[in-house]
Amino acid sequence: MVASLQPLFTAIDSVKDERNLKADVTSKLGEHFAANRSGVFFFDQISQLNPNLQKILKVALSIERNPVARYLTERHAPVHEGLVTSPKVWKMICPRPDHWHVMAGPIVVRGQLVGMVGCTRDKSMPAFDTQNLADLSGICLHLSVWAATTRSPSVSAGKSSSPSGKNQLLTARELQIVELVALGRTNAEIGTELWITENSVKQALKRMFRKLEVSSRAEMVAQLSAG
């Protein structure tokens with residue numbers, strides 16, 4: 001008999017802040033999926049971690065290195081390692097015995113991937129299956145709604161909640177791209193940091209150039225810095 005998802009839905013929909021979300025939901029995720037590790041993570045939290053942990057996470061979640069992260073980024077759909085690679089290849093990518101089986105699902109706000117739900121099982125446990133993916137899909141839907149309606153607007157905010165001048169022409173995600181361009185990031189690096197593909201960054205920059213009537217990254221940054 002398939003376990004009910006209602007306790008998880010109720011827990012997600014009733015929490016008021018992120019701390020309680022993690023405290024109340026993480027344990028229920030672990031129980032439902034019989035996972036040895038589970039959690040809810042928002043990508044904007046990476047900058048709040050110590051530098052060493054930031055570096056580890058960025059490597060582990062790299063869409064170039066990790067096919068689970070790449071699938072999640074490109075499709076915004078739940079995935080486990082068996083769906084995207086072979087056990088032999090996964091062992092080389094992630095040799096940790098407590099991450100022998102990994103499943104992840106997307107948290108999406110306004111069409112943008114802003115976080116993920118993750119569960120792991122060790123080598124002695126069975127792999128995640130299609131029923132697990134179906135259940136995680138429902139959980140991610142509730143988490144996405146929660147993030148869009150309850151979580152702080154700073155999840156995807158740019159420099160200011162009340163932008164002025166030329167900044168008003170750009171979306172919050174486009175302002176994030178501007179900030180990373182100003183830091184000298186390449187399109188590939190911007191894509192990795194924002195969990196979008198390199199091509200998505202290129203297309204976004206084209207739209208931004210048209211909006212701002214500029215022809216280069218340097219001109220765009222200079223114009224927005226001045227206005």
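Nine bridges join strand β3 (residues 101-109) to strand β4 (residues 112-121), and the two strands run antiparallel. Strands here are DSSP runs of E of at least two residues, helices are runs of H or I of at least four, and both are numbered from the N terminus. Within this pairing, isoleucine 107 has glycine 115 of β4 as its bridge partner.

The model is predicted: local features need pLDDT of at least 70, side-chain atom pairs count only at pLDDT 80 or more, and totals for chains, interfaces and linings use all residues. Residues are numbered from 1 along each chain as its sequence is written, and side-chain values use heavy atoms, with hydrogens and water left out.

The pair β3 and β4 belongs to an open sheet of four strands. The strand order is β1-β4-β3-β2, with antiparallel pairing. Two strands pair if DSSP finds at least two bridges between them. The edges are β1 (37-42) and β2 (79-80), each of which pairs on one side only.

Of its 227 residues, 44% count as buried, that is, under 20% relative accessible area with a 1.4 Å probe, protein chains only. Contact means heavy atoms within 4.5 Å. Among contacts between residues at least 6 apart in sequence, 58% join residues at least 24 apart.

Helix α2 (residues 18-33) lies across β1, β3 and β4. Its direction is at about 145 degrees to β1. Axes are lines fitted to C-alpha atoms, for helices over the stretch in contact, and angles run from 0 to 180 degrees between N-to-C directions.

Helix α2 also packs with helix α1 (residues 6-14), at an angle of about 165 degrees and with the axes 9 Å apart. The two helices are therefore roughly antiparallel, a term for angles over 145 degrees. On the α1 side, the contact involves Pro7, Leu8, Ala11 and Ile12. These meet Asp24, Val25, Lys28, Leu29 and His32 of α2. The contact residues divide into six nonpolar, one polar and two charged. Ala, Val, Leu, Ile, Met, Phe, Trp, Tyr, Cys and Pro count as nonpolar, Asp, Glu, Lys and Arg as charged, and the others, Gly among them, as polar.

Helix α8 contributes Glu174, Ile177, Val178 and Val181 to the contact. Helix α10 contributes Ala204, Leu205, Arg207, Met208 and Lys211. By class, the contact of α8 with α10 has six nonpolar, no polar and three charged residues.

How values were computed: Parallel < 35°, antiparallel > 145°, perpendicular 65-115°, else oblique. Buried < 20%, exposed > 50% of the residue type's maximum accessible area, 1.4 Å probe, protein only.
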